[in-house]
Amino acid sequence: MKYRCVECGFAIKTLFVQYSPGNIRLMKCENCKAVADEYIECEFMIILIDLILHKPKAYRHILYNVLNQETINSEGLLWKTTISFLLLDAYRSLLLQRNGEEHGSFLSFSSKKIIMDVFAANIMFFCIVFLTTRLLLNKSVGFSRFGNLFLAIIVSSYLKIFLVAMMVWEFPSSVIFIIDLFVLSSNAVALKGQITSTWFSWKNINYFYGRASPCHHTVYYHNLMHRTLQ
């Protein structure tokens with residue numbers, strides 16, 4: 001998968017040119033003329049703050065320019081993050097049941113039932129997200145890699161980690177719902193970054209289709225869609 005401009009989502013070949021160790025020049029996007037990825041020179045805390053502030057370009061940096069490259073074992077990372085995601089979701093369900101029941105019946109909760117409920121709820125959630133995304137996008141464009149959507153949701157659910165704090169300190173159950181709202185809004189921003197990138201490429205096709213000759217349509221369409229969905 002190619003790199004992306006964090007500002008507009010346009011596919012680019014490289015993010016920077018290195019002249020010597022510690023001496024690099026950031027490349028500019030051919031479309032918006034801005035620096036393709038300014039986060040290359042930023043500390044992780046800056047990126048984390050922008051993620052918390054729900055900036056789409058921070059999610060594009062993580063999803064396109066960090067995690068989706070050949071140098072990263074994305075499949076192994078996806079399994080690890082998915083397991084962590086499900087464990088945190090199971091702990092969330094456990095906290096809600098503990099707050100809803102008396103403390104004396106806490107040990108009587110069935111762990112099997114909690115796990116089944118978590119699996120069923122997440123399968124339903126991901127199916128709704130995939131179907132909605134499919135409807136929002138033009139069917140002729142398609143979205144061949146639903147793994148990218150899945151990874152976007154898993155990564156943007158990092159705020160669930162705050163549930164771990166409830167192991168140490170006692171919080172009202174309303175805190176859980178506040179975390180849920182932050183997670184859902186973060187999911188929406190991450191998905192928006194991916195959908196916008198796909199729509200951007202499709203608009204380029206429509207624009208070119210009205211200006212180019214018929215013999216160029218097929219060639220441009222094939223090259224651009226191969227670059228977008230690669």
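Author: Gladly! Let's start with the second largest pocket, whose lining residues divide into seven nonpolar, four polar and five charged. This is a predicted model, in which local features need pLDDT of at least 70 and side-chain atom pairs count only at pLDDT 80 or more, while totals for chains, interfaces and linings use all residues. Residues are numbered from 1 along each chain as its sequence is written, and side-chain values use heavy atoms, with hydrogens and water left out.

Reader: What makes a lining residue nonpolar, polar or charged?

Author: Ala, Val, Leu, Ile, Met, Phe, Trp, Tyr, Cys and Pro are nonpolar, Asp, Glu, Lys and Arg are charged, and the others, Gly among them, are polar. Of the 16 residues lining this pocket, D89, R92, N122, K160 and D180 lie nearest its centre. By that rule D89, R92, K160 and D180 are charged and N122 is polar.

Reader: What makes this space a pocket?

Author: On a 1 Å grid over the protein atoms alone, a pocket is an open set of points with protein on both sides within 12 Å along at least five of seven lines, and lining residues have an atom within 4 Å of a point. About 320 Å³ of space lies in the second largest pocket, where the volume is the space filled by probe spheres set on points joined across faces, edges and corners.

Reader: Which helices line the second largest pocket?

Author: α3, α4 (111–136) and α6 (174–209) each supply at least two residues, and α4 gives the most, with five. Helices here are DSSP runs of H or I with at least four residues, strands are runs of E with at least two, and both are numbered from the N terminus.

Reader: And how is the largest pocket made up?

Author: Its lining divides into 14 nonpolar residues, three polar and one charged. About 380 Å³ of space lies in there. The lining has 18 residues, of which T81, I154, V155, S157 and Y158 lie nearest the centre. Helices α1 (44–52), α2, α3 (74–100) and α5 (146–155) each supply at least two, and the largest share, five residues, comes from α3.

Reader: How do you know that helix α2 is mostly covered?

Author: Eight of the ten residues in α2 (56–65) are buried, namely A58, Y59, R60, H61, I62, L63, Y64 and N65. Buried means under 20% relative accessible area, exposed means over 50%, and partly exposed lies in between (1.4 Å probe, protein chains only).

Reader: Why is H61 called buried?

Author: H61 has 7% relative accessibility, which is below the cut-off, so H61 counts as buried. Leaving out residues up to four places away in sequence, H61 touches V6, D37, Y39, I40, I47 and V66, where a contact is a pair of heavy atoms within 4.5 Å.

Reader: Why is the ring pair of F126 and F130 called tilted?

Author: Rings of Phe, Tyr and Trp (its six-membered ring) pair if their centres lie within 6.5 Å, with planes under 30 degrees apart counting as stacked, over 60 as edge-to-face and the rest as tilted. The centres of F126 and F130 are 6.2 Å apart and their planes are at 35°, so the pair is tilted. Both lie in α4, four residues apart, about one turn of the helix.

Reader: And what makes F126 and F150 a tilted pair?

Author: Their ring centres are 4.8 Å apart with planes at 45°, so this pair is tilted. F126 lies in α4 and F150 in α5, so the pair ties together parts that are 24 residues apart in sequence. Both residues are buried, F126 with a relative accessible area of 9%. The count comes to four aromatic pairs, and ring pairs link F85, F125, F126, F130 and F150 into a cluster.

Conventions: On a 1 Å grid over the protein atoms alone, a cavity is a set of points where a 1.4 Å probe fits but cannot get out, and a pocket is an open set with protein on both sides within 12 Å along at least five of seven lines; lining residues have an atom within 4 Å of a point.
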